[in-house]
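Me: Hi! I have a structure here that I'd like to get to know. Could you walk me through it?

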Amino acid sequence: MRSKGFFSRTKAFWRLLKSKMVREKMPVNRIASGWAIGMFYGCVIPFGFQLILSIPTAVFFKASKIGASVGTLITNPITIWFIYPIQCYIANRLIGGNLTYEAITEAMKKVIEAGDYSTLLSLGGELVVSFFLGGFILAAICVPLTYFVVRALVSQYRIAKEKKTKFKGESLR
């Protein structure tokens, strides 16, 4: 038996994720809000603290907890290696800093290898400010996109399901 390749497994994972998203039993805006909450924390908060914040926020706003959890996956063990340095570099340029992309990448490697946030804080205020400002910039782009895409997907699914149900009901007459 041949094992599935990376792309077919990834495609199957996204299909499963979409299926769970569109079938959630709550209003469309609450589902989309949950995903947007997860995306916000995924962009702004360092890897590891995201779920600690996204789930209670989703509970407080009565939003999708599934979305709040999965939405944080914008930053994961694979993507942090390029998202974090890019967000820091762009934000550092905006604040007039002089950190190089290579210096930021090296600093991020130290933080991830050490596995603690005291290492991040020890890298200096300029990098920490760049990290959070870059996260807010990324969130300003990704959160509205996430909200409206998820809202559209769930709405389309529900409309199609309703039409299918009406069609079945009419064909039985």
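Me: Is phenylalanine 61 buried or exposed?

Reply: Phenylalanine 61 counts as exposed, because its relative accessibility is 52%. Buried means under 20% relative accessible area, exposed means over 50%, and partly exposed is in between (1.4 Å probe, protein chains only). As background, this is a predicted model, where local features need pLDDT of at least 70 and side-chain atom pairs count only at pLDDT 80 or more, while totals for chains, interfaces and linings use all residues. Residues are numbered from 1 along each chain as its sequence is written, and side-chain values use heavy atoms, with hydrogens and water left out.

Me: Thanks! How many aromatic pairs are there?

Reply: The count comes to seven aromatic pairs. Rings of Phe, Tyr and Trp (its six-membered ring) pair if their centres lie within 6.5 Å; planes under 30 degrees apart count as stacked, over 60 as edge-to-face and the rest as tilted. Phenylalanine 60 and phenylalanine 61 form an edge-to-face pair, 5.0 Å centre to centre with 85° between the planes. Phenylalanine 60 has 65% relative accessibility, so it counts as exposed.

Me: And why is the pair of tyrosine 89 and tyrosine 101 edge-to-face?

Reply: Their planes are at 80° and the ring centres are 6.1 Å apart, so the pair is edge-to-face. Tyrosine 89 lies in helix α5 (residues 80-94) and tyrosine 101 in helix α6 (residues 101-114), so the pair ties together parts that are twelve residues apart in sequence. Helices (H or I, at least four residues) and strands (E, at least two) are DSSP runs, numbered from the N terminus. Tyrosine 89 is partly exposed at 29% relative accessibility, and tyrosine 101 is partly exposed at 32%.

Me: How do α5 and α6 cross, then?

Reply: Their axes come within 9 Å and cross at roughly 130°. Axes are lines fitted to C-alpha atoms, for helices over the stretch in contact, and angles run from 0 to 180 degrees between N-to-C directions. The two helices are therefore oblique to each other. For such angles, under 35 degrees counts as roughly parallel, over 145 as roughly antiparallel, 65 to 115 as roughly perpendicular and the rest as oblique.

Me: Which residues of α5 and α6 meet?

Reply: On the α5 side, Ile80, Trp81, Tyr84, Pro85, Ile86, Cys88 and Tyr89 meet Tyr101, Ile104, Thr105, Met108, Lys109 and Ile112 in α6. Contact means heavy atoms within 4.5 Å.

Me: Something else now: where is isoleucine 95, and what does it touch?

Reply: Isoleucine 95 is in the loop between α5 and α6. Not counting residues up to four places away in sequence, isoleucine 95 touches Glu126, Val129, Ser130 and Leu133. With a relative accessible area of 42%, isoleucine 95 is partly exposed.

Me: Back to helices. How are α2 and α3 placed?

Reply: The axes of helix α2 (residues 28-44) and helix α3 (residues 50-60) come within 9 Å, crossing at roughly 155°. These helices are therefore roughly antiparallel to each other. Ile37, Gly38, Tyr41 and Gly42 in α2 meet Gln50, Leu53, Ser54, Thr57 and Ala58 in α3.

Me: Which aromatic cluster has Tyr41 in it?

Reply: Tyr41 forms one aromatic cluster with Phe40 and Phe136.

Me: Last one: where is lysine 62, and what is its phi?

Reply: Lysine 62 sits in the loop between α3 and α4 (65-70). Its phi is near 55°, a positive value in a residue other than glycine. Lysine 62 counts as exposed, at 53% relative accessibility.
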